[in-house]
Amino acid sequence: MAELVQTENSVEQKEYPPLENPPYHVGIIMDGNGRWAKQNGKSRFEGHKAGTENLRRTLKSSVEFGVKMLTIYAFSTENWKRPPFEIMGLMKILENVIDTELEELNKNGVQLRHIGQLERLKPIIRNKVLYAIDKTKHNDRLILNVAFNYGGRDEIVHAVKRVIADNIPPDEITADLLSHYMYTADCPDPDLIIRTSGEFRTSNFLIWQAAYAEYYITPTYWPDFDKAEYYKALQTFSRRDRRYGGRNE
Ligand code: IPE
Ligand code: IPE
Ligand code: MG
């Protein structure tokens with residue numbers, strides 16, 4: 001697929017040939033909004049808004065590049081440590097996104113899901129999230145898991161509690177069974193995890209599910225992570241040799 005990209009001095013033709021082996025499930029740690037804002041003389045809130053704008057582009061590119069499932073890290077269980085003013089801004093953004101984007105997402109066949117704990121969010125936001133999930137539940141062009149108030153350790157603790165509450169006998173506990181108790185119960189494990197802003201850590205994102213995920217880390221801040229770079233990440237993935245502990249020869 002070709003498209004024209006306006007650069008500073010010229011209009012450049014960008015080609016995105018279909019990928020031979022696109023990942024089915026991509027996770028994105030959308031990091032660097034704050035540093036992007038600082039670099040551009042803007043407030044952190046504007047940085048988060050720019051990040052949200054970029055998400056809209058990423059969703060479009062995901063469909064075009066053949067990604068079927070996208071899990072985005074939007075707010076971690078540790079992000080409550082931030083100043084209340086920033087947290088309020090992030091909550092407001094989530095609320096606004098649902099209000100303004102839901103129709104468009106639905107029209108484009110996006111199925112919205114949530115992973116993490118909804119309980120700690122204000123009822124008004126919680127209800128909007130539940131409404132959006134219900135409204136889009138029959139869509140199948142792209143599944144979008146929004147990790148909001150999500151933490152991998154919290155997810156595992158939550159799973160273990162439910163296993164105990166269900167009186168599962170110890171010999172029936174397997175990795176497969178535990179996977180079904182995670183928030184991602186009916187999702188295949190992520191194939192590729194992208195982290196922007198150059199940090200080499202998981203920050204508690206999909207720590208159970210990512211046992212054999214491929215990682216792609218770029219120094220680019222999330223608001224600047226564009227279509228060309230997304231394509232490069234997917235292309236890099238398609239060249240990786242995944243062995244899962246075995247041998248491929
Ligand atoms: C990522 O951007 C968004 C959230 C964590 C909500 P940051 O706000 O972490 O941006 P940096 O890492 O400070 O640049
Ligand atoms: C990870 O980014 C969480 C999200 C992108 C939502 P953080 O900025 O919270 O991670 P740390 O603190 O740098 O590990
Ligand atoms: Mg950060």
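This is a predicted model: local features need pLDDT of at least 70, side-chain atom pairs count only at pLDDT 80 or more; totals for chains, interfaces and linings use all residues.
A polar contact, as the term is used here, is a pair of N or O atoms within 3.5 Å. A polar atom in the side chain of serine 203 sits 2.6 Å from one of the ligand's oxygen atoms. Arginine 195 also reaches ligand 2, with a polar side-chain atom 3.4 Å from an oxygen of the ligand. For aspartate 31, the distance between an N or O atom of the side chain and a ligand oxygen comes to 3.2 Å.

Who else is around? The shell of ligand 2 also includes Ile29, Met30, Tyr73, Ala74, Phe75, Asn79, Arg82 and Arg201. Sorted by class, the shell holds five nonpolar, four charged and two polar residues. Strand β4 (residues 69-76) supplies the largest share, with three residues.

Now for the sheet. Six strands make up an open sheet, paired in parallel and ordered β5-β6-β4-β3-β7-β8. The edges belong to β5 (110-115) and β8 (214-217); each has a single partner strand, so one side of each goes without a neighbour in the sheet. From one strand to the next, the twist averages 20°.

Further in, β4 runs parallel to strand β3 (residues 25-29), and five bridges join the two. Here valine 26 stands opposite leucine 70 of β4. Helix α2 (residues 44-65) lies across β3, β4 and β6 (142-150), and runs at about 145° to β6.

Terms used:
Residues are numbered from 1 along each chain as its sequence is written. Chains are lettered from A and ligands numbered from 1 in the order in which they are written. Side-chain values use heavy atoms; hydrogens and water are left out. A residue is near a molecule or strand if one of its heavy atoms lies within 4 Å of it. A polar contact is a pair of N or O atoms within 3.5 Å; within protein, one must be able to donate a hydrogen and the other to accept it, and residues adjacent in sequence count only if both atoms are side-chain atoms. Helices (H or I, at least four residues) and strands (E, at least two) are DSSP runs, numbered from the N terminus. Ala, Val, Leu, Ile, Met, Phe, Trp, Tyr, Cys and Pro count as nonpolar, Asp, Glu, Lys and Arg as charged, and the others, Gly among them, as polar. Two strands pair if DSSP finds at least two bridges between them. Axes are lines fitted to C-alpha atoms, for helices over the stretch in contact, and angles run from 0 to 180 degrees between N-to-C directions. Contact means heavy atoms within 4.5 Å.
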